[in-house]
Amino acid sequence: MNLIDRHIIVRYLSNFVLLLGLLFVFAISIDVVVQFDKFSDAAREVAERDGRSYPMMLMFAVLDFHGPRIFQFFAFMTGLVGIAAAGFTLVQMHRTRELVAIMAAGVPLHRVVAAILVAQFGLVVLQLLDQDFVLPRLASRLVREHRAILEPGVQQFEVALMRDGGGSLMYAASLDSRTRTAESILILERDERGTTTGRISADAAVWDEAREGWVLEGGRQMSATSDEDRQADRVEVDFWETDLSPRMLLARRSLNFAQMLSLSQLRDLQEQGGAGDARIERTIFARFAGALVNILVPAIVIPFFLLRS
């Protein structure tokens with residue numbers, strides 16, 4: 001790589017970082033203005049509780065909620081911002097007659113395109129690394145809603161009859177994915193035809209990663225024909241083996257959460273789902289397809305900026 005290649009790549013990356021930063025600040029500014037009351041209420045509550053300065057907590061609330069989103073923004077906007085950065089780079093070089101000087105030196109403009117595409121390829125590689133290593137660590141914070149500002153992760157949510165790999169259905173009145181605990185569980189056991197053969201109820205449950213199942217508290221198992229009023233029909237049960245882990249439940253509840261998991265985590269969820277979740281398969285395909293598009297589209301668009309020369 002000689003001087004001209006380094007010059008083009010540095011200018012392209014500088015424009016990319018500048019445009020990405022401006023678009024990110026513009027996006028979060030709109031959100032902060034629209035949702036200012038929620039940021040203000042969360043900051044005031046923490047400031048009064050911990051005895052801190054309200055303006056400082058307001059700034060911290062914005063940084064805490066939107067700071068991690070720069071990695072998500074980069075993953076989603078690499079292709080679009082890359083095209084804009086390529087356009088700005090070539091327009092700047094055209095105005096300063098750098099492209100004329102390059103052609104006068106006998107260097108084909110294909111060299112300019114190649115340098116930009118090499119830089120874009122590097123950005124796409126960073127995008128894939130970001131999606132596979134950074135976003136999974138921040139996933140629980142990135143799917144927070146505005147009512148969860150200054151909270152560590154996803155709030156509790158209801159699990160509405162989700163099917164596991166064996167065909168059973170699970171319901172939980174409340175699931176906390178951070179502590180891996182669920183409350184008021186109902187499990188409907190079914191056969192191959194989907195007919196209910198029994199049911200399990202429990203006051204609470206805790207996910208056991210080693211045993212791959214839920215440890216039930218106050219678990220009671222009954223057959224489908226049992227009478228709920230008869231104590232003799234109830235059997236004590238303290239464990240239910242299933243592939244419906246808290247991460248699986250959260251991924252099925254939120255497609256946005258599934259998009260931020262690593263490829264290995266997505267493959268694990270797909271294997272746990274028996275026949276496989278179609279949304280997870282589309283998410284895996286879209287990740288590679290998006291990376292390919294982020295390389296091909298700039299390669300198609302860049303020549304149009306060079307036609308002026």
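Helix α1 passes helix α6 in a right-handed crossing, a crossing being right-handed if the near helix is turned clockwise from the far one by less than a right angle, and left-handed if anticlockwise. The model is a predicted one, in which local features need pLDDT of at least 70 and side-chain atom pairs count only at pLDDT 80 or more, while totals for chains, interfaces and linings use all residues. Residues are numbered from 1 along each chain as its sequence is written, and side-chain values use heavy atoms, with hydrogens and water left out. Helices are DSSP runs (H or I, at least four residues) numbered from the N terminus.

**α1 and α6**
- The contact is made by Asp5, Ile8, Ile9, Tyr12, Leu13 and Phe16 on the α1 side and by Arg111, Val112, Ala115, Ile116, Ala119, Gln120 and Leu123 on the α6 side, where contact means heavy atoms within 4.5 Å.
- Sorted by class, this contact of α1 with α6 has 10 nonpolar, one polar and two charged residues; Ala, Val, Leu, Ile, Met, Phe, Trp, Tyr, Cys and Pro count as nonpolar, Asp, Glu, Lys and Arg as charged, and the others, Gly among them, as polar.
- The axes of α1 (residues 3–34) and α6 (residues 110–142) come within 9 Å and cross at roughly 50°, axes being lines fitted to C-alpha atoms, for helices over the stretch in contact, with angles from 0 to 180 degrees between N-to-C directions.
- That angle makes α1 oblique to α6, since angles under 35 degrees count as roughly parallel, over 145 as roughly antiparallel, 65 to 115 as roughly perpendicular and the rest as oblique.

**α1 and α2**
- The axes of α1 and helix α2 (residues 36–50) come within 4 Å and cross at roughly 75°, and the two helices are therefore roughly perpendicular to each other.
- Asp31, Val32, Val33 and Val34 of α1 make this contact with Phe36, Asp37 and Phe39 of α2, and by class it has five nonpolar, no polar and two charged residues.
- Aspartate 37, placed in α2, is partly exposed, with a relative accessible area of 45% (buried means under 20%, exposed over 50%, partly exposed in between, with a 1.4 Å probe and protein chains only).

- Glutamine 127 is found in α6 and counts as buried at 4% relative accessibility.
- Leaving aside neighbours within four places in sequence, glutamine 127 is in contact with Phe74, Ala75, Thr78 and Asn294.
- Asn294 is also one of the buried residues of α10, which include Arg287 and Pro298.
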